[in-house]
There are 2 protein chains.
Amino acid sequence: MKAWEANIRRVVPYVPGDQPKGERLIKLNTNENPYPPAPGVKKALETMDHSLFRKYPDPAVTDLTETLAEYYQVEKNQVFVGVGSDDVIAMAFMTFFNSEKPILFPDISYSFYPVWAELFRIPYETPALDEEFQIRKEDYYKENGGIIFPNPNAPTGLFLPLSEVEDIIKNNQDVVVMVDEAYIDFGGVSALELINKYDNLLVIQTFSKSRSMAGMRIGFCIGSPALIKAINDVKYSFNSYTMNMPSIILGTESVKDDDYFKETVAKIIDTREEAKKRLSQLGFTFPDSMTNFIFARHESVNAEVIYEELRKRNIYVRYFKKPVLDDYLRISIGTPEEMEELYIVLQEIL
Amino acid sequence: MKAWEANIRRVVPYVPGDQPKGERLIKLNTNENPYPPAPGVKKALETMDHSLFRKYPDPAVTDLTETLAEYYQVEKNQVFVGVGSDDVIAMAFMTFFNSEKPILFPDISYSFYPVWAELFRIPYETPALDEEFQIRKEDYYKENGGIIFPNPNAPTGLFLPLSEVEDIIKNNQDVVVMVDEAYIDFGGVSALELINKYDNLLVIQTFSKSRSMAGMRIGFCIGSPALIKAINDVKYSFNSYTMNMPSIILGTESVKDDDYFKETVAKIIDTREEAKKRLSQLGFTFPDSMTNFIFARHESVNAEVIYEELRKRNIYVRYFKKPVLDDYLRISIGTPEEMEELYIVLQEIL
């Protein structure tokens, strides 16, 4: 090893889901939205002036921040925007999790949390979910350096009732509590209504799922002005201009087009509820998802076998080769047509 | 102070230059390119399909990385792309500067370096420039935890000959040496030609200046495969998908349109050389810039006064209210027409 290599920060990075290329495949592996972004986004893209790009974007991302503040009925100094919710969470870990005490997050959860903790050298503990894959709120009442959990949780899809979320916050007023609501629009109740009650609560959401904008990289968090100021200071110490012009312009249009948003989310919920019936009939069991995916195991056929067989037929779902999870497949909700194709192929395989 | 506030990472963030809004102003304060991005970028924007945005972008940014590798005649595993060179440098600091020994960068230099060092709690020392504002290579021969300097330097505009850059690298083979070449295309000689000779050398460049793409946020670095693997691992531990689809698509087109690139860079160099004559005639002195800006002081009128008077007339230049720098104005090179307007107004003021 060369001397300079000794000073490299060694990490085991997060591995994102495959992005297979090709026209004739059904991609149900990364929880993308099967519908295109709002028509307002299309229109804004068509009229975008490339000559603007020569200038730096607004570092404060004013248009998008103000539009989100108005939409969620909070003040603009309560909103922070980043390059996808991963960027927001990375910044939030760096900003708020600087205690010697371990932070807490569920053992089965977004697999990026331990990666960030390792990257920033933050001690952590991972309380186990209960036998029904649910978060046990009491596990989060012990001393800690901060808390983060997704609600609904991933990859289980389970929603924790808001009263229990509030119990966790109430019992942790000395640390920052982050609720990662990537999937909240598909049926859960957001902790945003608690924002003005608890100044240590940070709610994180994304444009990647319900807003069909994974390709644009837009995430945001909402919290007290003190939290938002602190994360903004860290952002300005990392990279002043994180959101490029297309993100700012198209993200803003996406939020403005609320009818389309509600309509596509409703369609996905319908398709998910139908999927629950159909997958049950095929012999699958699963926690009752409130997201745009279903975390399902089959009564007799091994998950990895199903995963491989689907892949051979150009249908991609997510399979985690890890203890506990390796009995399950995480199946994103596609269009009704894609799902019908999935049921037909599953019937062949099983 | 509340208990949770004790665990906040407290930082003094970098302050970017103003982004004043309005049609009739001349903006020479943030070293933006006065010309629009390449025609190929315009065309790709016009044909961009918004429905693609529902999917995640390619996390490996393959198209852009390969195009850059081909352009700079290196292997694709020698290129890393980020959200502007600020993102690349932030990741590089986090990845490579993990020694107990201080890193070194010039005292007068990009003012973000100390901000990153503070953010990541990296010890640092800042050797002074010489009386002509030039880097003294011998100052970088002492024991250290890593080195970064811009070449040409900012805000001085001075280029350090490649032989001296190489001397610094030769004397520092036990640490990572980063050369920040944001302005290299305006006349300097890039250290890229040393990449395959020194596996601890990282060369950082940006699309924000010479490629007229500040609004798109694209930066990159080139180095040995070992360096690029390490920074990629950290990136995948921070945010898997940093580059959104428009950045990837339009960035790639920008690199492909080489004739336009060379033509606009040549125009800016011409305008800069003319500016040197005209500013001299107006009583300014300045280091001999190899960038798209001139760092100038006036023989009799105070820099802050000139800055304020220009601002009143809707001409924005950069003024740093800091010791040594506060005698100077950093004037970005605009179009010939904008510069003529500047000379007229300066004549009125002086």
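## Terms and basis

Helices (H or I, at least four residues) and strands (E, at least two) are DSSP runs, numbered from the N terminus. Two strands pair if DSSP finds at least two bridges between them.

The model is predicted: local features need pLDDT of at least 70, side-chain atom pairs count only at pLDDT 80 or more, and totals for chains, interfaces and linings use all residues. Residues are numbered from 1 along each chain as its sequence is written, while chains are lettered from A and ligands numbered from 1 in the order in which they are written.

## A sheet in chain B

Three strands of chain B form an open sheet in the order β9-β10-β12, with antiparallel pairing. At its edges are β9 (284-285) and β12 (329-332), each pairing on one side only. Two bridges connect β9(B) to β10 (residues 293-298) of chain B; Phe284(B) has His298(B) as its bridge partner in β10(B).

## Relation of the chains

## Nonpolar core

The largest nonpolar core has 232 residues, and Ala92(A), Ile147(A), Ala92(B) and Ile147(B) have the most contacts inside it. Such a core is a set of buried Ala, Val, Leu, Ile, Met, Phe, Trp, Tyr and Cys residues joined through C-beta atoms within 7 Å; buried means that 20 or more other C-beta atoms, placed from the backbone, lie within 10 Å of the residue's own.

Notes: Buried ≥ 20, exposed ≤ 12 C-beta atoms within 10 Å, placed from the backbone.
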